[in-house]
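Keep the structure open while you read.

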Amino acid sequence: MTSLLCFMLLFNIHYIQSSYLGRLSPDDPYIEIGKDMNLTCVLNNESVLKQYPNKKICFDAVSMLSKRNFSDKDITVINKTAAMLHVVNMSLSDKGAFNCVLSLDCSNLLNETWVHGQIVAVGLPPDVPSNLTCISYNFDNMTCTWDPGRPTHIHTTYRLYWTIQGNFWFNCPNPFPDTTECSGCCSCSWLQNGDPHDIFKPSTSYNISVEASNYLGKVQSFLSKTNSNLIGI
C-alpha cells in the first residue's frame with residue numbers, strides 16, 4: 001500500500017509540474033488483453049520544442065515493479081508536435097502509468113522532460129453469467145446464484161433484475177455480497193419479510209436477468225422459473 005501511495009504521489013507531482021507541455025490521450029484507457037493499444041501525444045505548440053532543443057517526443061511506462069522505454073520502432077511521428085505510441089498484444093503486466101516525455105534518445109531516456117501521462121488498465125470483458133439457478137428453501141424464500149465466469153481483472157458490476165408480469169423489471173431485493181462487485185458465486189434472495197413488493201411469492205413465475213458490465217463490455221443471461229420447477233430444500 002505504501003509503495004502504491006508513493007507511486008501515485010510521484011505521478012501527481014509530475015502532472016502538476018509539467019502537464020502544460022502537452023497531452024497524452026485517450027484518458028485512462030481500458031485495453032482488452034491481447035489487443036493492441038495506441039496512445040497519442042500532442043505538444044501544446046512548437047515553442048515547447050524550442051525550450052528543449054534536440055529533444056523529441058518519446059514514451060515510457062511505469063508499473064509497480066518496473067519501468068519500460070519504447071524505441072523508435074514503436075513510435076509513429078505524426079508531425080513536429082505529435083507522435084503515436086503503438087503497443088501490440090497488451091497483457092496484464094503492461095498495466096500502469098504510460099507517459100509522454102521529451103528526450104534525446106527514446107531507447108535510452110536520460111534527463112527526460114515529463115509532458116503528460118495516463119493510467120492504463122488491462123483486462124477482459126465479462127463472460128455471460130452462467131449456471132443461473134434458483135433454490136426455494138421450504139418455499140418460504142428463494143435464492144438465485146450464478147457463476148460470473150473468468151476473472152476480468154478490472155472493476156466489473158453484476159446486477160440481477162426480475163419481473164413477474166413482465167411489464168416492469170426490478171432490482172434484486174437482497175443482494176449478496178451487498179456490493180455490485182463480486183467474484184466467485186454471487187447471489188440474490190427473496191424473503192418473507194421486508195418490503196411487500198419484494199417478498200417471495202410461491203407458485204409464481206419469475207423472469208430473471210443477470211447483467212454483467214465493465215468498461216470493455218456488457219452481457220446478460222436470462223432465466224424463467226416457476227414454483228413447480230424450483231429446487232426445494
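## A hairpin and its neighbours

A hairpin joins E4 to E5 through 4 residues. Strands (E, at least two residues) and helices (H or I, at least four) are DSSP runs, numbered from the N terminus. E4 and E5 pair in the antiparallel sense over 3 bridges; two strands count as paired if DSSP finds at least two bridges between them. Within this pairing, Ala61 has Arg68 of E5 as its bridge partner.

E4 also pairs with E8. These two run antiparallel and are joined by 7 bridges. Here Cys58 has Val101 of E8 as its bridge partner. E4 is mostly covered, with 5 of its 7 residues buried. Buried means under 20% relative accessible area, exposed means over 50%, and partly exposed lies in between (1.4 Å probe, protein chains only).

## Basis of the model

This is a predicted model: local features need pLDDT of at least 70, side-chain atom pairs count only at pLDDT 80 or more, and totals for chains, interfaces and linings use all residues. Residues are numbered from 1 along each chain as its sequence is written, and side-chain values use heavy atoms, with hydrogens and water left out.

## Overall figures

The protein has 2 helices and 18 strands. Of its 233 residues, 40% are buried. Take the contacts with a separation of 6 or more: residues 24 or more positions apart account for 65% of them. Contact means heavy atoms within 4.5 Å.

The protein exposes about 12800 Å², and carbon and sulfur atoms supply 54% of that area. Accessible areas come from the Shrake-Rupley method with a 1.4 Å probe; for residues, only the protein chains shown count as cover.

E4 and E5 belong to an open sheet of 5 strands, in the order E2-E9-E8-E4-E5, with mixed pairing. Its edge strands are E2 (30-32) and E5 (67-69), and each pairs on one side only. The twist averages 30° from one strand to the next. Axes for such angles are lines fitted to C-alpha atoms, for helices over the stretch in contact, and angles run from 0 to 180 degrees between N-to-C directions. Inside the sheet, E8 (residues 96-103) and E9 (residues 113-123) run antiparallel, joined by 7 bridges. Cys100 has His116 of E9 as its bridge partner.

Another open sheet has 4 strands in the order E1-E3-E7-E6, with antiparallel pairing. E1 (22-25) and E6 (75-79) are the edge strands, each pairing on one side only. The twist in this sheet averages 15° from one strand to the next. E1 and E3 (residues 37-43) are antiparallel over 4 bridges. Gly22 has Leu43 of E3 as its bridge partner.

## Nonpolar cores

A nonpolar core is a set of buried Ala, Val, Leu, Ile, Met, Phe, Trp, Tyr and Cys residues joined through side-chain atoms within 4.5 Å. The largest has 28 residues; Met37, Ile57, Phe59, Leu85, Met90, Phe98 and Val120 have the most contacts inside it. E3, E4 (56-62), E7 (82-87), E8 and E9 each supply at least two residues of this core. A second, separate core of 18 residues includes Cys144, Trp190, Phe200 and Val210.

Leaving aside neighbours within four places in sequence, Met90 is in contact with residues including Met37, Phe98 and Val120. Ile33 touches Met90 too, along with Leu92, Val122, Gly123, Leu124 and His153, again not counting residues up to four places away. Ile33 lies in the loop between E2 and E3. Its relative accessibility is 29%, so Ile33 counts as partly exposed. Ile33 and Asp94 are 61 residues apart in sequence, and 9.6 Å apart in space, C-alpha to C-alpha.

E10 (residues 130-137) and E11 pair in the antiparallel sense over 6 bridges. Ser130 has Asp147 of E11 as its bridge partner. The two strands form a hairpin with 3 residues between them, and Asn138 in the turn has a positive phi of about 60°.

Thr143 lies in E11 (residues 141-147). Is Thr143 buried or exposed? Thr143 is buried, because its relative accessible area is 16%. Its side chain makes a polar contact with the side chain of Ser189 (2.8 Å). A polar contact is a pair of N or O atoms within 3.5 Å; within protein, one must be able to donate a hydrogen and the other to accept it, and residues adjacent in sequence count only if both atoms are side-chain atoms. Not counting residues up to four places away, Thr143 touches Thr133, Cys134, Ile135, Tyr137, Ser187, Cys188 and Ser189.
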